[in-house]
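User: Hi! I'm new to protein structures. Could you show me how to read one?

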Amino acid sequence: MTPILSKNNGEGQVSYSFFRNIRENIIEFALFLAALSSVGTTFGILYILVTESWHFFQEVPMIEFFTDTQWTPLFNDKHYGILPLLSGTLVTSTVALLVAIPLGTIVAIYLSEFAPAQLREWVKPILELLAAIPTVVYGYFALLVVTPLLQKVFTNLPTFNMLSGGLVMGLMILPLVSSICEDAMRAVPVVLKEGSYAMGATRLQTSLKVVFPAAISGIGAAYILGASRAVGETMIVAVASGLLPQLTLNPLEQGATITAYIVQVSLGDLPHGTIEYQTIFAAGLTLVVMTLILNVIGYFLAKRYREIY
């Protein structure tokens, strides 16, 4: 016989459904607030940077800021040219990328196409542990270990130099580049690899001429993300590369980056609201614009070369 639901059972089911919908709406609203908090934090940071930089640019012309070749806001002879800090940032980031991109790509190709499964499961977590090391430890490693080794090759190399900081920074972002590249390569459909093998291609030919081009959007995103990470690095360059801003493209010399200068001023005794204090907001806004440009380039590259299988 078919059971007949009583009126009370029907009311109980309606009540349960009502409270379940309320609970789901509360969870959905909580998740929305969590997502909104990150967006609100970003806009809050941009608001502070823009408002403080606006006061700075009322005192210092923007043309002088981008064309003056000296950066001495803390000295008596004050100059507010961002070019020395930009050159230090670009030099250290370029050295880091020259280390991280080739090595990261090679590691990713090996782990994705050549390494046995058991070896990959051991090597990849160990490699990613490099990202868990504090950056200040990397900085002192560059200063106390890498710099003395480089001084045996370059006898006139100063204690603080951008080469040492850039090399160690490249080791720091290596796990980031290799991990994302390896994930992109492993996402390539197996049928493409099997088709290449069926045509008589070797593993190396398949990796370089089939897998790598098919995963180029993800690999390009990894490179751009690594560049953004290098541009925003602070402690390694502050400890190993020095705090002397000078306009140079020679990595064998001392140089200061934008982030290192922000740390230097933020830990000082400059009163809030002075033009010298507001320089950190102008420098920070410049850094945000640089990273934003890199991320926009990465987005359009990924969109342009993305393959949907």
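User: What does the side chain of Thr279 reach?

Analyst: Look for a polar contact, a pair of N or O atoms within 3.5 Å; within protein, one must be able to donate a hydrogen and the other to accept it, and residues adjacent in sequence count only if both atoms are side-chain atoms. Here, the side chain of Thr279 reaches the backbone oxygen of Glu276 at 2.4 Å. This is a predicted model: local features need pLDDT of at least 70, side-chain atom pairs count only at pLDDT 80 or more, and totals for chains, interfaces and linings use all residues. Residues are numbered from 1 along each chain as its sequence is written, and side-chain values use heavy atoms, leaving out hydrogens and water.

User: Is Thr279 buried or exposed?

Analyst: Buried means under 20% relative accessible area, exposed over 50%, partly exposed in between (1.4 Å probe, protein chains only). Thr279 has a relative accessible area of 0%, so Thr279 is buried.

User: Which residues does Thr279 touch?

Analyst: Contact means heavy atoms within 4.5 Å. Not counting residues up to four places away in sequence, Thr279 touches Phe56, Trp71, Pro73, Tyr80 and Tyr261.

User: Which residues touch the most other members of the largest nonpolar core?

Analyst: A nonpolar core is a set of buried Ala, Val, Leu, Ile, Met, Phe, Trp, Tyr and Cys residues joined through side-chain atoms within 4.5 Å. Among the 33 residues of the largest one, those are Met169, Met172, Ile173, Cys181, Met185 and Ala215. A second, separate core has 24 residues, including Leu86 and Phe281.
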